[in-house]
Amino acid sequence: MRSLTLVVATTIALAAVATPASAHEPGPTTGPCQYTPTPDEPAARPVPLPGDPRRTPDRGTVRVVLRTNLGQIPLVLDRAAAPCTVQSFLHLARHRFYDRTVCHRLTAYPTLKVLQCGDPSGTGEGGPGYRYRDELPTDLPPAPTDPTGVRRLYARGVLAMANAGPDTNGSQFFLVYGDSALRPNYSIFGQVTAPGLTTLDKVAAGGIEPTTDDPAPVDGTPALRTEIRKVRVNH
């Protein structure tokens, strides 16, 4: 199973080491999104492959609500920005893949402030048993905190996919509660609305659970358990 982890060195990024694809891996779906099974990384919770119509919806928005134990997090998904990502997210939501899952990671670096969710195993290594291609943003402004101009601004309220390298999107996603500086390697597929940001601020204010090795962490399990009890898709 791949681990969607944060690597902190001279740079900060949402990244990981991906497991090599099996030589006998089944082929992808035949539509434009090409959802590809990952038998070496089985689903954390059983779910079929998404439908992959030749004409993937690429216009309009879809409203979704994450109902959590700490309050609702309403989202607006943008089909035009990331049609395959939105299609996959809705598929997983309708199959209750995200119901009764915890958001396993909170970061509080000066330049990276996100809550990461979407893994039924709660470990940061789980996914849906398939992967699909990136739909990367091309119009993000440079991050003001990065003098090199390499990193881009993932602004407060952005909803984006976590990944383990190029074209390894699955089920895990992150919600940005404070302006963050990242390489533009993460597909943005929507926004968190104002009520959702209030809930995210509550999670962030609770801090990160300390450990024996790190009594004041800036990356780890949210101190306030954050459980997605149900995902509701508004038609």
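**Close-up 1. Cys33 is a buried cysteine of this predicted model**. Its relative accessible area is 0%, where buried means under 20%, exposed over 50% and partly exposed in between, with a 1.4 Å probe and protein chains only. A quick word on the model: it is predicted, local features need pLDDT of at least 70, side-chain atom pairs count only at pLDDT 80 or more, and totals for chains, interfaces and linings use all residues. Residues are numbered from 1 along each chain as its sequence is written, and side-chain values use heavy atoms, with hydrogens and water left out.

**Close-up 2. Cys33 and Cys84 are joined in a disulfide**. The two sulfur atoms sit 2.0 Å apart; a disulfide here is a pair of cysteine sulfur atoms within 2.5 Å. The S-S torsion of this pair is about -85°, so the bond is left-handed. Because Cys33 lies in the loop between strand 2 (12-15) and strand 3 (36-37) and Cys84 in helix 1 (residues 83-94), the pair ties together parts 51 residues apart in sequence. Helices (H or I, at least four residues) and strands (E, at least two) are DSSP runs, numbered from the N terminus.

Close-up 3. Cys103 is in the loop between strand 6 (101-102) and strand 7 (105-107), while Cys117 belongs to strand 8 (residues 113-117), so the linked parts are 14 residues apart in sequence. Both cysteines are buried.

**Close-up 4. The whole structure holds two disulfides**. With the bonded cysteines numbered in sequence order, they pair 1-2, 3-4.
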